[in-house]
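I opened this entry to write down what I looked up, in the order I looked.

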Amino acid sequence: MKRPPRTRLALPAALPAVLALAAGALSACDSGGSSGSGGRGGSNGGTLTVLYTKDMEHLDPQRNYVMFAMDFGTRLLYRTLTTYAAASGQAGTKVVPDLATDTGRTGDGGLTWTFHLKQGLKYEDGSPVTSQDVKYGVERSFAPDLPEGPGYARTMLAGGDEYHGPYKDPKGLDSIGTPDARTIVFHLRRPSMEWPQIATLPTFAPVPKAKDSGVDFDKRPFSSGPYRIQTYDRGKRLLLVRNPYWSKATDSVRQARPDRIDVQEGLAQATIDQRLIADQGADQRAITLYSVAASSMARILTRPDIKRRFTSELGLCTRFLAMNTAKPPFNDPRVRQAMQYAVDKDAYRTAHGGSGIGAPAGSYLPPTLMNGQTLDVYHAPPKGDPAKAEQLLTAAGKGAGFSINLTTTSTEQGKAEAEAVQQGLARVRVKVRINPVSNSVYYSTIGDVRKEDELVFYGWCADYPSASSFVQPVFDGNNITPKGNTAVSQLDDKVLNTRIETAVKDGRSADWQGVDQALMQASPMIPLIYDKLPLLRGSKVTGAIGHPIWEGEYDFATIGVKS
Amino acid sequence: MSALPLTPGRHAAPPPAGRSPWRLAGARLRHDRAALLGLAIVALFVLMALAAPLLTALNGHGPNEFHPEKIDDALAGAPRGSFGGIDAHFWLGAEPGTGRDVFSRMVYGARISLLISLLATAVATTAGTALGLTAGFAGGRTDLLISRVMDLVLSFPQLIFMIALVSVLPEANRTLELVLVMGFFGWPYIGRIVRGQTLSLRNREFVDAARATGMTRRRIVFHEVLPNLMAPVLVYATLTIPVNIGTEAALSFLGIGVRPPTASWGQMMSKAIGWYQVDPAYFVVPGVCLLLTVLAFTLLGDAFRDALDPRGGNR
């Protein structure tokens with residue numbers, strides 16, 4: 001299940017934080033101390049202002065594959081068969097029914113999945129949501145014109161490889177059955193117990209055929225959620241108002257508190273941070289849509305009144321320093337293991353935004369994927385253990401050190417992070433030459449297997465809370481491709497590949513812990529931090545919790561404003 | 001040279017006669033306070049750059065040493081202590097995010113900033129003088145060709161082309177690349193001035209006289225024309241240095257300067273931008289250094305012009 005680069009970590013993300021992060025200390029109470037989080041007592045009404053630097057890449061449900069936009073879309077504009085509970089921490093990774101009455105039933109070990117729709121589901125014009133609309137929505141994700149969305153439906157549904165979307169094949173995809181208007185049946189190519197989680201993706205949002213405007217649907221998705229689009233001036237402003245036909249009786253997740261949601265786009269992040277720190281007028285009911293700037297962190301964290309409005313929640317993401325195992329010196333596992341001790345993760349994290357934006361990582365899988373458990377395989381202190389590293393390097397015949405290149409982004413932060421790694425490795429006579437490349441070509445540069453440097457910064461977020469969507473694209477040697485490679489360490493070990501594929505089939509979390517351990521021993525990458533998303537809100541925003549599924553983004557199901 | 005030996009003046013009055021124009025200029029400079037101030041600042045920075053390893057030995061902090069104890073990890077690495085962490089060991093504070101010694105980075109940054117701007121000026125001056133002289137003296141098609149090339153280079157939007165050029169050049173020696181790229185965009189300015197001067201000198205009586213005596217062309221160029229060009233070239237070169245210091249800082253600021261972790265003032269400014277509200281002291285250091293060097297070279301250049309160019313001079 002390879003996924004497009006979209007859900008990789010946004011590299012320039014920076015920042016800060018607050019929680020003292022003992023690894024694994026994540027719990028549902030870590031949410032940013034917001035009043036009434038998750039509770040139902042919050043006030044309704046008012047306008048929530050959402051500040052953002054750019055335009056949403058896609059709002060069309062079948063094309064939406066950016067973490068925070070998936071949160072925004074599925075919580076506000078469209079409903080999916082299943083979704084995640086509105087809670088922070090581990091509780092937020094629980095799959096709950098949304099359009100469907102339950103989280104899906106299978107009678108044959110995961111090959112066929114049946115969902116029944118709730119009664120009384122309506123679109124923004126009052127027409128009923130039918131299972132045919134869900135089928136049509138999923139079929140749209142096969143259209144070559146709309147390629148950006150997640151690829152799970154395309155790779156997992158039977159006959160998916162020969163289907164090219166409803167515009168070319170109006171007959172539809174036979175492996176999605178709709179015996180009646182409220183029942184939908186999926187026939188998979190191979191059994192998978194993860195289908196209920198996959199059905200949370202916006203791919204599974206209903207689209208009535210009559211309302212489908214193809215690529216233009218992006219500008220005006222037809223709402224099945226609690227809000228509908230009133231005006232959308234791309235790059236400037238998106239205004240959502242209530243969908244009068246949405247009924248809370250059919251929806252156990254979304255609280256839909258504000259009357260209007262006003263997204264202001266095209267602002268500089270520094271301006272957004274400044275407005276939220278100042279907390280004046282309408283900005284008291286505003287939030288930033290994405291990470292605050294690293295440079296704003298100190299201003300936020302040093303003032304208790306502002307710090308109270310700050311949230312930094314763990315997502316399903318880990319940042320790595322990947323070693324290119326196809327090139328010397330990292331083709332030698334002993335050298336790679338020595339690097340686990342040589343790197344100064346503390347200095348890296350400070351450059352990345354400080355102790356609040358991430359927990360030091362001891363293994364690849366983030367604790368949110370492992371029921372809160374973390375693994376520390378090498379027991380290297382956060383500053384590294386140069387003596388131990390040197391000993392291992394000497395044993396590998398590299399005691400005299402060596403010179404390597406490190407690819408980073410050409411932003412100030414990218415360079416600062418690279419310098420942190422550079423000074424850490426200099427302690428064991430490893431000379432690092434920093435190779436800064438522009439953000440826009442970063443992933444294509446490190447994804448070119450022949451040109452890839454010895455060391456590259458990398459990061460990955462799971463698409464849904466299952467280790468398979470994390471480990472397979474990054475560590476399975478069968479996923480190495482000459483260009484656009486996601487397995488950037490290029491480690492192709494038959495035994496490990498088989499272990500990963502077995503774990504994908506069985507899907508037990510104990511297996512994944514074993515895989516994580518075995519991978520750490522092979523040491524294709526150095527885990528740096530488990531990522532947190534630093535967010536700031538105005539003083540009159542309520543129910544602001546960071547949701548682990550979407551990188552720690554505010555959960556739009558619970559957020560509201562006080563008058 | 002055409003200076004006529006005058007009989008020594010009877011009054012102890014200003015025009016100190018009997019000296020070459022260079023000595024005259026030197027005397028004028030010695031009485032110009034702005035020039036002396038500029039010279040002192042320049043000398044200070046040059047000394048500081050040359051003595052960088054000695055100065056950092058005094059405080060004991062290399063320019064690339066991380067000092068995590070000087071910064072607050074919970075605050076994204078904001079320096080501990082007031083004024084950016086200034087204390088007895090960190091004379092100008094610690095760099096946010098890393099804890100590197102700002103003083104050490106400042107003196108090593110002076111090396112890079114001065115080296116690049118001086119070398120780039122040398123490249124531009126040499127190339128500009130050689131080509132301007134050739135164009136002015138040869139005339140005809142050579143002049144036409146060189147002048148058109150100068151127009152062409154001048155018509156490029158410089159900073160944008162520098163960014164593009166430096167980005168596409170293979171990653172070899174960044175310092176050398178910056179010198180060459182800045183030199184390439186700088187030579188036509190000086191080239192045009194030299195060409196214009198050469199054109200007017202070419203037909204002056206002393207050149208005609210030299211020609212009449214059967215002097216070789218080569219000798220005329222190097223012994224008659226070139227010495228008369230030195231004054232404008234010197235003035236222009238001195239005024240180009242601050243421009244190049246600014247350009248180097250701008251390129252570093254835009255992220256295409258020297259490769260990290262090498263320190264340069266522009267790179268320090270660039271890093272300081274994100275921190276100015278939290279740690280203004282860090283912004284002040286490279287800012288003041290840039291201000292002082294640019295000011296010093298500009299004062300010096302202006303003083304040279306006043307001293308050497310009697311027509312434009314006001315003193």
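I am working with a predicted model, in which local features need pLDDT of at least 70 and side-chain atom pairs count only at pLDDT 80 or more, while totals for chains, interfaces and linings use all residues. Residues are numbered from 1 along each chain as its sequence is written, and chains are lettered from A and ligands numbered from 1 in the order in which they are written.

Chain contacts. I found 23 residues of chain B in contact with 28 residues of chain A (C-beta atoms, placed from the backbone, within 7 Å). On the chain B side, 11 are nonpolar, 8 polar and 4 charged (nonpolar is Ala, Val, Leu, Ile, Met, Phe, Trp, Tyr, Cys and Pro; charged is Asp, Glu, Lys and Arg; polar is the others, Gly among them).

Ile220(B). I located Ile220(B) in helix α9 (residues 217-253) of chain B (helices are DSSP runs of H or I, at least four residues, and strands runs of E, at least two, numbered from the N terminus). Beyond four places in sequence, its contacts are Val207(B), Ala210(B), Arg211(B), Met215(B) and Val225(B).

Strands in chain A. Strand β13 (residues 402-409) and strand β14 (residues 430-437) of chain A pair in the parallel sense over 8 bridges (pairing takes at least two DSSP bridges). Ile404(A) stands opposite Val432(A) in β14(A).

Definitions and conventions. Two residues are in contact if their C-beta atoms, placed from the backbone, lie within 7 Å.
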